[in-house]
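Trainee: Can you walk me through this one? I have a few quick questions.
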Amino acid sequence: MSEGTSLVMESSENGTDLSQDDIGSVEEIPEDTILSRQTSVNLVPFIGQRFVSQDAAYEFYCSFAKQCGFSIRRHRTRGKDGVGRGVTRRDFTCHRGGYPQMKPSEDGKLQRNRKSSRCGCQSYMRIVKRADFDVPEWRITGFSNIHNHELLKPNEVRLLSAYSSISPDDKSRICAFAKAGMSVRQMLRLLELEKGVKLGCLPFTEIDVRNLLQSFRNVDRDNDAIDLIAMCKKLKDENPNFKYDFRIDGHNRVEHIAWSYASSVQLYEVFGDAVVFDTTHRLDAYDMLLGVWVGVDNHGITCFFGCVLLRDETLRSFCWALKTFLGFMKGKAPQTILTDQNVWLKEAIAIEMSATKHALCIWHISVKFSDWFSILLGSQYDDWKAEFLRLYNLELVEDFEQEWREMVDKYGLHENKHIASLYALRTLWALPFLRCYFFAGMMSTFLPESINTLVQQILSAQPQLDHFIERVADIVDFNNEVGAKQKMQQKMNKVCLTTGSPIESHAAAVLTPYAFNKFQEEFVSAPKYASILVDEGCFLVRHHTQVDGGSKVIWVPQQQLISCSCHHFEFSGILCRHVLRVLSTNNCFQIPDQYLPTRWCGVNSSSKATTPRDHAERIQLLESMVSTIITESMETEERLDEACEQIAMVLSHIKELPRPTHNGVDRSRKQRHCSLSCCGQFEHDSSDCPLIEGDNLNGDALGFL
């Protein structure tokens, strides 16, 4: 057993007492602990330490374990991805934790006794997921560094499989060395010199490098990219509305390629006013940048607009991508576009989409806070983050400027480079500078899970580039189906009106359930505000607890024009509580049409012909509704009677509606044939036979028939 390795810390996941399963003994840390806090304070896990993701916590614990002389593996979890809140807890354990299990083979015989390194080691680190201030992060709540086995020396631990992987940067270097004609031993020696490590102390071996080079040889990037163009041509032949374009470089290689599906173009026509252009991922196997255009529809569901693969991140490349995308969308540029921070992309948007408002994704900024400020601010980090998010949500630019300076003074961040950079770019991310522009609710402080899931699914489709576009099409179709089910569920859920106001009823009848929920949040809060007439058509609206300040509302009833200084309607497309308060107190019982945007209304494509796919989705919706009606009606006799009565009325109404015709003839009735032996005529059946409807047959005759 290793000596001096006792280091145990436990913390409650939610501030309450730990369960017996979660509690570990707390022992003092001896002076000769395996890794002294004084020498490597930043590498020792501690209770409350924060990470932006599970992967970040795993990498940190890997570094700690490597210094100590062991490796780790992922162990138990609480929750499941895609179900409820997803994974909320994760345990990492020593690679020698647990015991080997003997499993019977298919023929009933036990497997041969293979050697195992597991010996029941109790060393572990536990992290739980928190979402303070709407920013999800992971925190350490349990840690133990007690081992019941000898720890490896530095020259031994590097040979563990967990540490023998080759980083993406090293892969790129090895690939460049191979193109230059260097031998494997020359590559290893050069990498040792670059990294400043001793001979033979790289985290990977000669065999690992040779295996990597062999995998490179199995990937023909150029031919795969040519196959990608062939796949695009095939899809274009199958569907003329499929859009694609590409560029060939001087070496006859595919430099860039972009594409969009017919359904994506249709969605963009209606919901292309606010777009996210995600360029934060790469297809590593083919060394190409992946760009994805997405947005949200009237039900708040992510919709895919297009995809692009770029060889490099230059102004020329981004200009080509944006220009090509506009070509797919018939020259229609979005009102706003959200991107990650990239100087060349910023300039390209200014050139190709000069009328479009460019903003930075705040979620890409906020996820870096833990790395930037957690150690620097220590116990003040939570207070600073809450202060930052409060400044982010301010309404007035003047308030932001003043309170930003106060925040910098309070926390002593005058010389911090990240704070300086954030302030320099404030007009691209801070809401006081962006509230006059429409972003469809995509400016929240965390990445919408649906967008992140879609991008990750697209990344998982990269192993075979020649089938990449087909795989992305399957992913888009699958997400459309999931979205259709979510829309169906929203429609099936009964809308609950909280007041008897005609304004609320009007909004519920016009807006989608998703948009109405946003509207209802504002409408319910409106009575908490006082409306004060300060001039003709000008109102000051403020919370009943405030004695000064407030929002200025201008209301011109003759022209049905209304505006608010908070710019909530311009920003989200939903009327704010201040405007709703003024409308309610001035006897307005309906929302003017111009303040019910088409993109948030329930019917968004009534003018367009219904596609076979839309028809199939509506049939699927009907089948699901019928199934739900049956399930709900079986609960009680009263429910069953009510369902039968209502469905009979609906069915009677449907039968009265006109049927499809062909050359003026009812096609469905033309094909009908009466099965009664006494009739046998066409254009009707036994249910509406004129012989039965007449007075010629009495009840006995009907029974005989």
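Predicted model: local features only at pLDDT ≥ 70, side-chain atom pairs only at ≥ 80, totals over all residues.
Trainee: What share of the residues is buried?
Mentor: 41% of the 705 residues count as buried. Buried means under 20% relative accessible area, exposed over 50%, and partly exposed in between (1.4 Å probe, protein chains only).
Trainee: How many helices and strands?
Mentor: There are 25 helices and 19 strands. These are DSSP runs numbered from the N terminus: helices are H or I with at least four residues, strands are E with at least two.
Trainee: At what angle do α3 and α4 pack?
Mentor: Helix α3 (residues 168–179) and helix α4 (residues 184–195) pack at about 135 degrees, with axes 11 Å apart. The axes are lines fitted to C-alpha atoms, for helices over the stretch in contact, and angles run from 0 to 180 degrees between N-to-C directions. The two helices are therefore oblique to each other; under 35 degrees counts as roughly parallel, over 145 as roughly antiparallel, 65 to 115 as roughly perpendicular, and the rest as oblique.
Trainee: Which residues meet there?
Mentor: D170, R173, I174, F177 and A178 in α3 meet M187, L190, L191, E194 and K195 in α4. Contact means heavy atoms within 4.5 Å.
Trainee: Switching topic, where is L391, and what does it touch?
Mentor: L391 lies in helix α12 (residues 381–392). Leaving out residues up to four places away in sequence, L391 touches F400, E403, W404, M407 and P432.
Trainee: Buried or exposed?
Mentor: L391 has 0% relative accessibility, so it counts as buried.
Trainee: What is the phi of Q560, and where is Q560 found?
Mentor: Q560 has a positive phi of about 55 degrees, although it is not a glycine. Q560 sits in the loop between β16 (551–556) and β17 (561–564).
Trainee: And N587, buried or exposed?
Mentor: N587 counts as exposed, because its relative accessibility is 59%. N587 also has a positive phi of about 55 degrees without being a glycine.

Note on methods:
Residues numbered from 1 in each chain as written. Heavy atoms only, no water.
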